[in-house]
Amino acid sequence: MVNAGDMNGSGNLMDFLDEPFPDVGTYEDFHTIDWLREKSRDTDRHRKITSKSKESIWEFIKSLLDAWSGWVVMLLIGLLAGTLAGVIDLAVDWMTDLKEGVCLSAFWYSHEQCCWTSNETTFDDRDKCPQWQKWSELLVNQSEGASAYILNYFLYIMWALCFAFLAVSLVRVFAPYACGSGIPEIKTILSGFIIRGYLGKWTLLIKTVTLVLVVSSGLSLGKEGPLVHVACCCGNFFSSLFSKYSKNEGKRREVLSAAAAAGVSVAFGAPIGGVLFSLEEVSYYFPLKTLWRSFFAALVAAFTLRSINPFGNSRLVLFYVEYHTPWYMAELFPFILLGVFGGLWGTLFIRCNIAWCRRRKTTRLGKYPVLEVIVITAITAIIAYPNPYTRRSTSELISELFNDCGALESSQLCDYINDPNMTRPVDDIPDRPAGPGVYSAMWQLALALVFKIVITIFTFGMKIPSGLFIPSMAVGAMAGRMVGIGVEQLAYHHHDWIVFRNWCRPGADCVTPGLYAMVGAAACLGGVTRMTVSLVVIMFELTGGLEYIVPLMAAAVTSKWVADAFGKEGIYEAHIHLNGYPFLDVKDEFTHRTLATDVMRPRRGEAPLSVLTQDSMTVEDVETLIKETDYNGFPVVVSKDSERLIGFAQRRELILAIKNARQRQDGVVSNSIVYFTEDPPELPPNSPHPLKLRRILNLSPFTVTDHTPMETVVDIFRKLGLRQCLVTRSGRLLGIITKKDVLRHMAQMANQDPESIMFN
């Protein structure tokens with residue numbers, strides 16, 4: 001028998017707490033993390049640091065640095081995310097205007113900046129200045145006429161195609177993960193899934209550059225969703241600099257939750273909305289500590305963006321509005337109607353977009369991503385140019401739709417017939433009959449609305465960075481503005497109706513069409529994403545319209561109710577299911593009466609469960625088991641006869657432990673006995689050195705009995721973030737339930753294809 005002294009020596013080599021070897025505790029790509037284990041490891045690390053801090057001043061300083069590292073990471077994320085957002089905003093402004101012309105005094109100026117610096121600009125013609133020239137003026141010295149229009153039209157399309165081609169090529173060659181909005185994948189990553197490279201440095205760089213290109217190309221997409229991905233890439237980069245986060249996947253996800261909040265903070269200039277968005281929409285595990293840190297990261301990011309001042313209006317937001325009239329109770333009816341429209345639009349968009357994306361994945365269309373982007377860009381540019389409301393950037397369009405018509409507004413939407421005897425102050429202009437410009441704008445808006453609805457379905461999901469917030473808001477804002485003008489004209493011409501009599505007297509400023517645009521934007525965004533609380537907060541931070549919370553709430557709740565009546569999934573959950581990511585949504589309810597024994601493997605007629613025994617298998621037996629199966633781990637039992645459960649060993653750690661033992665321990669060979677007990681088994685003389693692997697054994701795996709209701713099992717998987725759970729009866733191992741088994745079972749119960757869950 002091998003003596004105990006030798007055994008202790010060899011056992012210490014495998015003692016992971018004393019001497020961990022590289023890669024233990026890490027996970028393979030497309031695998032789920034073990035939240036309980038990560039939490040336990042962090043608790044052990046914290047306990048160790050606390051006990052050491054009492055030993056010396058240096059250790060005490062190190063413990064303080066460790067405690068402050070979280071706040072330092074948040075500060076760095078906020079600074080970088082705010083800077084990148086500011087640079088993206090400035091670059092998008094310049095490149096969007098580049099499609100129409102160039103500034104002669106400084107080519108890097110956008111149209112607005114060019115005319116700001118000019119001394120020859122008048123207020124009435126503030127968009128015209130000698131320094132800014134359209135391409136037709138520059139190339140053929142003509143600003144009017146058919147030839148000038150055709151040349152500008154042609155160059156607009158060429159610039160759009162050039163930007164889009166460059167973007168899709170960069171994504172395809174350097175960072176395939178930089179496409180899409182990134183929010184479905186970030187939700188999945190935050191739920192504990194590993195997608196290596198998705199938050200890498202290349203993805204950060206390429207997504208930032210291509211985001212500028214695709215938004216400038218005029219495609220029907222926004223930069224807000226991708227900015228959340230960009231901020232999470234910043235979070236991943238900075239967390240890798242601190243071992244507290246780089247060596248613990250659970251702690252890293254706390255940083256990523258805060259980074260998502262910073263992303264929304266700079267995307268909309270809405271720091272509080274960002275924190276709520278992270279809490280309501282993307283985060284899976286959100287402790288109170290993460291709430292404070294998210295708040296700090298969002299604050300720093302918003303402060304940084306404000307310092308850069310990309311919109312030149314000394315404000316964080318592009319859509320700041322000032323309405324001069326309150327809303328009235330009677331207006332709640334059209335607001336709720338806009339909520340119904342938002343819910344119906346959300347349902348239509350999700351169904352059509354998912355059908356198109358599924359077609360892209362299952363047919364030859366998916367093999368030609370560059371061609372698809374070029375074709376959609378060409379169609380968008382050709383149809384968008386003739387209509388002034390689709391030619392300009394979507395952000396500018398929304399800004400104009402939100403605006404109230406003041407005395408100095410030159411927009412077509414403000415072409416009302418004025419009363420020559422009007423002697424009211426500038427801010428309080430009464431309701432007036434619509435002029436020809438308003439009627440013409442209504443037609444153009446109706447055509448733009450149909451175009452936006454159709455083209456956004458085909459644009460979202462292409463192999464380029466594409467956000468959904470701004471196109472959804474544009475659809476709602478166009479519908480809302482048209483409803484607002486309709487209500488305004490109705491109130492003007494029929495102020496004696498009982499609906500208007502109490503609050504809309506002749507000569508009063510009763511209805512604000514811009515408010516309807518704002519409510520419509522919130523309704524459509526809510527219908528697509530199913531956000532409620534964070535949506536309302538983002539909208540009032542985005543516009544400064546604090547007084548109009550009730551209309552926004554009414555529209556957001558209505559749109560969610562209407563959309564939920566047709567299906568519970570928002571666009572991000574639908575894309576998660578389409579891609580087969582193993583995401584257990586906290587919002588889903590499981591109401592079926594099945595038991596753990598119905599879901600566990602092995603099922604009746606299948607091969608018995610692959611297990612390890614505590615002290616009777618050789619290294620070769622373990623290696624053969626690993627080679628012949630692709631399971632992520634193996635239950636350890638006393639013996640194959642008794643099947644009494646001891647613990648659970650992860651596949652990756654078994655491989656690493658055996659590989660490391662062969663390199664570092666003398667006498668470990670293929671027929672060495674592997675044991676998971678404290679004391680070595682009794683072995684015949686001259687037996688090779690046994691291998692002690694107790695340190696990699698999880699002695700407290702989560703177990704349920706075979707009669708546990710699946711409703712409870714699903715709840716346990718959700719709330720504890722389990723990878724797997726063992727099924728026992730009276731201490732005897734019966735089977736195993738993995739996260740994938742739970743998702744498959746839920747899909748089966750919902751009459752969906754269980755094989756759509758692709759990853760482990």
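Colleague: Which residues are linked in a network of salt bridges?

Modeller: A salt bridge here is a side-chain nitrogen of Lys or Arg within 4 Å of a carboxyl oxygen of Asp or Glu. Asp42, Arg45 and Asp66 are linked in such a network. Before we go on, two notes on the ground rules. This is a predicted model, where local features need pLDDT of at least 70, side-chain atom pairs count only at pLDDT 80 or more, and totals for chains, interfaces and linings use all residues. Residues are numbered from 1 along each chain as its sequence is written, and side-chain values use heavy atoms, with hydrogens and water left out.

Colleague: How many salt bridges does the structure hold?

Modeller: The count is 24. Take Asp44 and Arg47 as one of the pairs: their closest N and O atoms are 3.0 Å apart.

Colleague: Where do Asp44 and Arg47 lie?

Modeller: Start with the general idea. An α-helix has 3.6 residues a turn, so residues three or four places apart point the same way. Helices (H or I, at least four residues) and strands (E, at least two) are DSSP runs, numbered from the N terminus. Both Asp44 and Arg47 sit in helix α2 (residues 35-52), three residues apart, about one turn of the helix.

Colleague: Which side chain meets Arg530 in a salt bridge?

Modeller: That of Asp564, at 3.0 Å from N to O. This pair links distant parts of the chain, 34 residues apart: Arg530 is in the loop between α21 and α22 (533-543), and Asp564 is in helix α23 (residues 549-566). Arg530 is buried, with a relative accessible area of 8%. Asp564 also counts as buried, at 17%. Note the backbone too: just after α21, Arg530 takes a positive phi of about 65 degrees.

Colleague: What about helix α21 itself: how many of its residues are buried?

Modeller: Check the geometry, then the burial. The expected span of a helix is 1.5 Å times one less than its number of residues. Helix α21 (residues 513-529) has 17 residues and reaches 25 Å from its first C-alpha to its last, close to the 24 Å expected. As for burial, 17 of the 17 residues of α21 are buried, so the helix is largely enclosed by the rest of the structure.

Colleague: Now the cysteines. How many disulfides are there?

Modeller: A disulfide is a covalent bond between the sulfur atoms of two cysteines. The test is a pair of cysteine sulfur atoms within 2.5 Å. By that rule there are two disulfides. One joins Cys103 to Cys114, with 2.1 Å from S to S. Cys103 lies in strand β1 (residues 101-103) and Cys114 in helix α4 (residues 111-116), so this pair ties together parts that are eleven residues apart in sequence. The link is right-handed, with 75 degrees about the S-S bond. Cys103 and Cys114 are both buried.

Colleague: How far apart are the sulfur atoms of Cys115 and Cys129?

Modeller: They are 2.2 Å apart, in a disulfide. The link of Cys115 and Cys129 is left-handed, with -75 degrees about the S-S bond. Cys115 counts as buried at 6% relative accessibility, and Cys129 at 7%.

Colleague: Last topic, the surface. Which residues form a nonpolar patch?

Modeller: Patches are made of residues with over 30% relative accessible area and no salt bridge: like charges are joined within 9 Å, nonpolar side chains (Val, Leu, Ile, Met, Phe, Trp, Tyr) within 5 Å. Accessible areas come from the Shrake-Rupley method with a 1.4 Å probe, and for residues only the protein chains shown count as cover. Here Ile57, Trp58, Phe60, Ile61, Leu64, Leu65, Trp68 and Val72 form the patch, with about 870 Å² of accessible area together. Trp58 lies in helix α3 (residues 57-98) and counts as exposed, at 54%.

Notes
Buried means under 20% relative accessible area, exposed over 50%, partly exposed in between (1.4 Å probe, protein chains only).
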